[in-house]
Amino acid sequence: MEYRKNEIRAGAFILTSFTIAVVMLFAVSDLQGMFKKRKDYKVLFLSNEGLEKNANIRISGIRIGRVSSMRVVPELGGKVELTLNVFDDAVIKEDMKVSIKTLGLVGKKYVDFSGGTPESKPLKPGAVLYGEESLKIEDLTRMGLEVVNKLKGVSQNIEKIVQNVERTFGDPVLSKN
């Protein structure tokens with residue numbers, strides 16, 4: 001009889017542990033999103049900018065879905081078409097802007113919806129949107145180098161002007177004494 005009590009206790013312990021593990025798994029991960037109804041939209045970009053399949057889709061920082069597929073569309077000049085699988089309760093407006101962004105400086109890429117006016121109509125599932133190209137680190141670096149080169153030119157011009165003034169009028173600091 002003692003042997004049977006131990007089996008029942010062990011079984012109850014395993015069942016309780018399994019239940020707690022399942023509850024924790026739902027709490028920590030996004031498994032509840034698996035059971036939500038979804039709708040699809042298509043977005044065209046010039047490049048996927050390193051975005052990967054299953055990347056998050058966000059509105060105001062809140063996750064509303066994932067990228068379910070991506071492909072190059074040769075008939076549109078090599079544009080990249082993303083299929084966005086969005087939760088059914090998320091409202092995508094006709095005038096919203098869609099872009100690819102990065103979480104932090106070197107974080108994961110995601111698709112971001114922004115803007116949209118209260119008066120605009122909700123976009124119908126299956127509609128095609130045109131994505132905006134975001135500023136890339138390479139572009140920022142190039143623009144920074146251009147600014148540095150322009151500042152260098154301005155500095156050289158100021159130096160030439162000062163030298164001309166010194167040649168014409170003498171050293172202004174020394175001539176005061």
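Start by selecting K53, which you will find in the loop between β1 (38–45) and β2. Keep in mind as you go that this is a predicted model.

Show the surface around this residue. Is K53 buried or exposed? K53 has a relative accessible area of 54% and counts as exposed, because the cut-off for that class is over 50%.

K53 and V67 are 14 residues apart along the chain, yet their C-alpha atoms are separated by 5.6 Å. Which residues does K53 touch, once those up to four places away in sequence are set aside? Select V67, S68 and M70 to see these contacts of K53.

Now widen the view to the second largest pocket, where K53 is one of the lining residues. To display the whole lining, select G50, L51, E52, K53, N54, A55, N56, R58, L103, K108, K109 and Y110. Colour by element and you can pick out β2 (56–59) and β6 (109–115), the elements that give two or more residues to this lining. The space in the second largest pocket comes to about 210 Å³. If you colour its lining by residue class instead, expect five charged, four nonpolar and three polar residues.

Stay with the pocket lining and zoom in on R58 and Y110, both among its residues. R58 lies over the face of Y110, at 5.5 Å from the ring centre.

For the last stop, turn to the rings across the model. How many aromatic pairs does a search of the whole structure find? The search finds zero, so there is no ring pair to select, given that centres must lie within 6.5 Å to pair.

Notes:
Residues are numbered from 1 along each chain as its sequence is written. This is a predicted model: local features need pLDDT of at least 70, side-chain atom pairs count only at pLDDT 80 or more; totals for chains, interfaces and linings use all residues. Side-chain values use heavy atoms; hydrogens and water are left out. Rings of Phe, Tyr and Trp (its six-membered ring) pair if their centres lie within 6.5 Å; planes under 30 degrees apart count as stacked, over 60 as edge-to-face and the rest as tilted. A charge sits over a ring if NZ of Lys or CZ of Arg is within 6 Å of the ring centre and within 35 degrees of the ring normal. On a 1 Å grid over the protein atoms alone, a cavity is a set of points where a 1.4 Å probe fits but cannot get out, and a pocket is an open set with protein on both sides within 12 Å along at least five of seven lines; lining residues have an atom within 4 Å of a point. Grid points are joined across faces, edges and corners, and a volume is the space filled by probe spheres set on the points. Helices (H or I, at least four residues) and strands (E, at least two) are DSSP runs, numbered from the N terminus. Ala, Val, Leu, Ile, Met, Phe, Trp, Tyr, Cys and Pro count as nonpolar, Asp, Glu, Lys and Arg as charged, and the others, Gly among them, as polar. Buried means under 20% relative accessible area, exposed over 50%, partly exposed in between (1.4 Å probe, protein chains only). Contact means heavy atoms within 4.5 Å.
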